Structure formats: structure tokens, C-alpha cells
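Hi everyone, thanks for making time. I'd like to walk you through one model, so please have the viewer open.

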Amino acid sequence: MSAVLVFLFMLVVPCHISCDEHETFPSVETRSRFAALDEVSLLATGLHQLGQSLREFVQKTKGQINDIVQKLNIFDRSFYQLSALASEIKVEEEELKKTTVGLKASNEEIKDLSIQINSKVDTILQEKSRLQNKVEGLELRLSSMSHSLVTSGQVEEITALKSTIYSQEQSIAVLLKAVKEQSIQLNQQRSKIKMLENKLATNMHQQETIEKLPDISSPEVPSLPPYRFSESINGSKLMNLPLDCSELFNRGERISGVYAIKPNTSEPFMAFCDMRTGETVVQRRTDGSINFDQNWEKYESGFGDLQGEFWLGLKRVRSLSAQGNSILHIQLEKWKQPRRSIEHRFELEGPQTSYTIHLTPLSGALQDFMSNNTGMRFSTKDRDSGNQPHQNTQDTGGWWFNAHAATNLNGKYLRPKGRLERKKGIQCGRGRKGLCFLKVTQMSVRPLSSAVFIRT
């Protein structure tokens, strides 16, 4: 703004000077008039540049505001989940406290019972010792009376004593067995109390951790794992890598998983191969665990987890398409409905044209929802490649946006609070019963020459 004021001042001052000197110096007035026009032109150029700078500043500010709103939404969802977890921990903590109190009371009762049993065992052992002494005395008397006859009264007394001793030994055995069982039960109760105390301490620590948690920001989305060169891999082994998953399929591989491939115009990279059809999977979404609202760099290089949700990357998809005559196979699954698919003849241009896509429908049981995307450039939140504006909820993330295309398979995966499954997933436009949501999406590529039968 200061530059504008300086230019205006420079215009006003020459004008006053020329007006005051009009009668005396006509030739100077003519030169001043032409000089004023040049300065106006220069001022217009400055104002135009200032306008461009302001527009760039507004666009940058708008992007920063969108990032802040996204982080606030993530914080709100995380805070709600942590609040629910804290409530569950508090309820479980109260139950554990009640259980611990009950177990401690039982433990005290068992201790009292154990003391009583030990006292009774000591009494029985003393009685047993007394009876044994009495038996020994009788045996001495019997030995001294060995030459005389034993009276019937003595025989009865001996028999009674033997019976008493036997019964006492049985009682002692039963009591010893009960004491052993009580000791085992007591040890078990102690172990259980110890375990509950540890669990209670852990829950209390978790509660303290939750209460002390700092502000949560958006987690960094992982990049796809690179192909790692090894010293043991020579040139022949590297050249033996398949061009894509269809070549592995033709070699007889039938187990779906992560494999190393090397298209003609690309370095080797890791990719998930769907060996039901021999296709290279370029996009998959199943539960919303990966945030697809990423910048241009992420969409160009790829991100996510090849065993879960991921985007393979525009550079790699381009290298697959550049091998010629490719088919894009799209599979969609709505809640409580079977998976359906559609196939297109597929071509993807390079980065010079922002990866413009070209599609020609071939077959499938789905409505051709991608026809309006053909000829569109790829755009992300930080790089609009000149497509129509995209301000709807489903138009986040990177996609070949078009004002007439209702479905964006890289849009936000909605996970509202509650258990309404029909309102979870990727919004796919409106149907007869309102908005529809996709539970699973998968995009995969294979050469036209390796076409196989696809179930729809």
C-alpha cells in the first residue's frame, strides 16, 4: 500500500507544477503530460502485480484455514473417543474396586479358618501322642503278663484303644487334606487379588495418561514401502522382475499379496496383486483407517498400507498405463449388498498434463459413473489443475474432479458417531432412498491382452 501512495504522490506533484507554469513554459507542460501517462501505466502494472499477490495470499490463507478445520475435526473425533474410553475405564475401575474388597474379606475369613484348623490339628496331634504313650504302656504290661492269661476286660480295653487311635488317625488325615485344600485355595485367592490389584493400577495409570494427554494433531499418513535393492540381486534377477501382476499370474502365481514389479518405464516398486484376476491394485478402501485428504506430493508418490487401505501413486499408475492397452477395473461394495464392478479402457497421461485420465467403458454391472471424469486433470487440496470447483464433502482428497461427476472414490470416509452402518463409508451421490455410502472400493489395472472373466 505504501508503494501505491508513493506513485499517487508522484502523479499529483507534477500535475500542480505543470498547472502553475502553464503560461510561461508550454513546452514543459507537454512533456509533463506525457510523463504522467507513463507513470499511470507503471502504476497500473504495480496495481496488477499487487492484485495477483493478494489473490495468491488469499488462496494460501484459504488452504491453511481448510487444514485447521480438518485438524479440529480430527481432534473432536479423537476427544470423543478418549472420553468414551475414559468412561469405560472408570466403570471398570469401580467394579474392580468392589471385587477387590470382596476378595479381601474372603481372604480374611480364610485366614481365620486356617488358624482354627491349625489349632485343631495341634490338639489332635497332642491327643494322638497321648494315646500312643498309653498304647506303649499297655504293650509293656502285656509283655510282663506274657506268661499269664489276659483278662477279657484288658482285651476290650486294648480293642477300644486301637479303634480310638484308628478313628483319630482318619480324622487327622481328613483335616490335613482340608488344610491342604484351604492352602491351595488361599494361594489362588492371593494370586487373583494380586492380578486385580495390578489391573487396577494399570487402569488408574491409563486414566492419568488420558487426563494428561496433550492436544492431538493429525497423524502422519505412512508412505508405501520402497523396493529395497540387495547386494545379492544382480542385473539378471532385476531384469527378471515381472512387468505387472498379470505377468505373475501368467507364471502360475495364485496367492494374493505384495510383490515386486518393474514396468518398462519405471524403477522396481512393491504392489499388491489380486491373484483372483491377476490385477495390480492401485487403490483400496475398506474401513476409513487411512486419511485420503493428502497433498499433491503424497498422491504422486503413493501412501497407505499395501495390506490395508492405500493409493499406489500417480507415477506408478502412469508407468502401468504407459505399457499400453490397459483396463481399469473398479469394484464397489455398498452396505449389505454384493460387490459389483465395471471395466474401462484406460489411459493416463504424464505429469506435464497433471495426469489427465481417458476412459472408455467396456463392461460391468455398475452404472458408468466415471464417464464424466474422462479428459479431466488430477487435482488435490494444494493443487487445483483447472477443473470445476469442488467444495462438497465427497470432493476432498485427490481426484479427477468434474462438476457433473457425483462420485469420488478418494473422498472422505465418513464414520459418524453411533452404529448406523448405512451412513458410514464414502458418499456416492443420491439414490431413490437418499444418500448412498460405499463400504469397500478397489481400483486395479491389468493389460487388455490378459482379460479374464470378472464376477459382478
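**The disulfide and its surroundings**

Okay, so the link of Cys245 and Cys273 is left-handed, with -70° about the S-S bond. The pair ties together parts that are 28 residues apart in sequence, because Cys245 lies in helix α5 (residues 245-250) and Cys273 in strand β2. For the record, helices (H or I, at least four residues) and strands (E, at least two) are DSSP runs, numbered from the N terminus.

Before I go on, the ground rules. This is a predicted model, where local features need pLDDT of at least 70 and side-chain atom pairs count only at pLDDT 80 or more, while totals for chains, interfaces and linings use all residues. Residues are numbered from 1 along each chain as its sequence is written, and side-chain values use heavy atoms, with hydrogens and water left out.

Back to the cysteines. How many disulfides does a search of the whole structure find? It finds one, taking a disulfide as a pair of cysteine sulfur atoms within 2.5 Å. In the link between Cys245 and Cys273, S to S is 1.9 Å. Both Cys245 and Cys273 are buried; buried means under 20% relative accessible area, exposed over 50%, and partly exposed in between, with a 1.4 Å probe and protein chains only.

Let's follow β2 along. Strand β2 (residues 269-274) runs antiparallel to β3, and three bridges join them. Two strands pair if DSSP finds at least two bridges between them. Asp274 has Glu279 in β3 as its bridge partner. β2 and β3 form a hairpin with four residues between them, and Gly278 in the turn has a positive phi of about 75°.

Is β3 buried or exposed? Seven of the seven residues of β3 (residues 279-285) are buried, so the strand is largely enclosed by the rest of the structure. β3 is also joined by two bridges to strand β5 (residues 310-311), again running antiparallel. There, Gln283 stands opposite Trp311 in β5.

Two arginines are worth a click here. The charged end of Arg284 sits over the ring of Phe272, 4.2 Å from its centre, and that of Arg254 sits over the ring of Phe249, at 3.8 Å. The cut-off: NZ of Lys or CZ of Arg within 6 Å of the ring centre and within 35 degrees of the ring normal.

**Cores**

Now the packing. The largest nonpolar core has 52 residues, and Trp311, Leu312, Ile330, Phe346, Phe378, Trp400 and Leu409 are those with the most contacts inside it. A nonpolar core here is a set of buried Ala, Val, Leu, Ile, Met, Phe, Trp, Tyr and Cys residues joined through side-chain atoms within 4.5 Å. Strand β11 (residues 434-447) gives the largest share of this core, five residues. Apart from that core lies another, of six residues, among them Cys245, Leu248, Cys273 and Met275.

If you select Leu409, you'll see it touches residues including Gln283, Arg285, Ile330, Trp399 and Leu438, not counting residues up to four places away in sequence. Contact means heavy atoms within 4.5 Å.

**Aromatics**

On to the rings. A search of the whole structure finds 11 aromatic pairs. Rings of Phe, Tyr and Trp (its six-membered ring) pair if their centres lie within 6.5 Å; planes under 30 degrees apart count as stacked, over 60 as edge-to-face and the rest as tilted. Phe75 and Phe79 are stacked, at 6.1 Å centre to centre and 25° between the planes. Both lie in helix α2 (residues 26-144), four residues apart, about one turn of the helix. Tyr299 and Phe303 have ring centres 5.1 Å apart and planes at 85°, so that pair is edge-to-face.

And the burial? Phe75 is partly exposed, with a relative accessible area of 31%, whereas Tyr299 is buried at 0% and Phe303 is buried at 0% too. Tyr299 and Phe303 belong to one aromatic cluster, with members including Trp311, Tyr355, Phe378 and Trp400.

Last item. Most residues other than glycine have a negative phi. Tyr355 has a positive phi of about 55° although it is not a glycine. Tyr355 lies in the loop between β7 and β8 (357-364), and counts as buried at 1% relative accessibility. Lys336 has a positive phi as well, near 60°. Lys336 is found in the loop between β6 (326-334) and β7 (340-348), and is exposed, with a relative accessible area of 80%.
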